[in-house]
Amino acid sequence: MQLHRDRKKFEEAGVRLAVIGQGQPEHARHFREQLKVDLPIYASGDREAYRAAGTKVGTLGELLGPRSVMKGIRRSASDRVVQGRIVGHAAQLGGVLIVKPDGSIPYGHLADDASDNPPNDEVLAAARTAASRA
């Protein structure tokens, strides 16, 4: 939930962050409570949101390859977050999209592997650029 850490910067840039996860609404509530995430969280139980975004289901190497594992260990240690129970398809990879009110997507980063998340500064810069072209 690295975007959540910088939510104030995104709010100052006029961006509303939201999370789309797998599962049912009760899973979203549990996730919010466990990780103390102060963002809207939507559940895509059928994973249709993932298909619409174009994300992929990772291979074994994309999930448990050396890069993914090492990055995951470092992130867990620095964030003091431990992976909880997996809900939904365990190999579903995610992404970050900026969606404008007109439905256009000026920025998209779809994960190549389980450790692939864009830096917050990159997403924030893209959001500011998109907002300035509104």
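Glu62 counts as buried, at 18% relative accessibility. Buried means under 20% relative accessible area, exposed means over 50%, and partly exposed lies in between (1.4 Å probe, protein chains only). The side chain of Glu62 meets that of Lys56 in a salt bridge, at 2.8 Å from N to O. A salt bridge is a side-chain nitrogen of Lys or Arg within 4 Å of a carboxyl oxygen of Asp or Glu. Lys56 counts as partly exposed, with 31% relative accessibility.

The structure is a predicted model, in which local features need pLDDT of at least 70, side-chain atom pairs count only at pLDDT 80 or more, and totals for chains, interfaces and linings use all residues. Residues are numbered from 1 along each chain as its sequence is written, and side-chain values use heavy atoms, with hydrogens and water left out. The pLDDT is the predictor's confidence in each residue, from 0 to 100. Its average over the chain is 88, and 92% of the residues score at least 70. Among the elements of the chain, the lowest mean pLDDT, 77, belongs to α6. The highest, 97, belongs to strand β4 (residues 107–110). Helices (H or I, at least four residues) and strands (E, at least two) are DSSP runs, numbered from the N terminus.

The count of salt bridges comes to 4. One of them joins Arg67 and Asp113, with the closest N and O atoms 3.3 Å apart. This pair links distant parts of the chain. Arg67 sits in helix α6, while Asp113 sits in the loop between β4 and α7 (120–132), 46 residues apart. Asp113 counts as buried, at 10% relative accessibility. Another salt bridge connects the side chains of Glu48 and Arg51, at 3.3 Å from N to O. Both residues lie in helix α4, 3 residues apart, which is about one turn of the helix. Glu48 is partly exposed, with a relative accessible area of 42%. Arg51 is partly exposed too, at 47%.

Helix α6 also takes part in a surface feature. Leu60, Leu64, Val69, Met70 and Ile73 form a nonpolar patch on the surface, and together they have about 500 Å² of accessible area. The most come from α6, with 3 residues. Patches are made of residues with over 30% relative accessible area and no salt bridge; like charges are joined within 9 Å, and nonpolar side chains (Val, Leu, Ile, Met, Phe, Trp, Tyr) within 5 Å. Accessible areas come from the Shrake-Rupley method with a 1.4 Å probe; for residues, only the protein chains shown count as cover. Leu64 is found in helix α5. Leu64 is exposed, with a relative accessible area of 58%.

Backbone angles were also examined. Most residues other than glycine have a negative phi. Lys36 is not a glycine, although its phi is positive, about 55°. Lys36 is placed in the loop between α3 (25–35) and β2 (41–43). This residue is exposed, with a relative accessible area of 65%. Arg47 is not a glycine either, and its phi is positive at about 65°. Arg47 is placed in the loop between β2 and α4 (48–53). Arg47 is buried, with a relative accessible area of 18%.

Glu12 lies in helix α2 (residues 7–12). Glu12 is exposed, with a relative accessible area of 69%. Glu12 and Arg128 are 116 residues apart along the chain, and their C-alpha atoms are separated by 9.9 Å.
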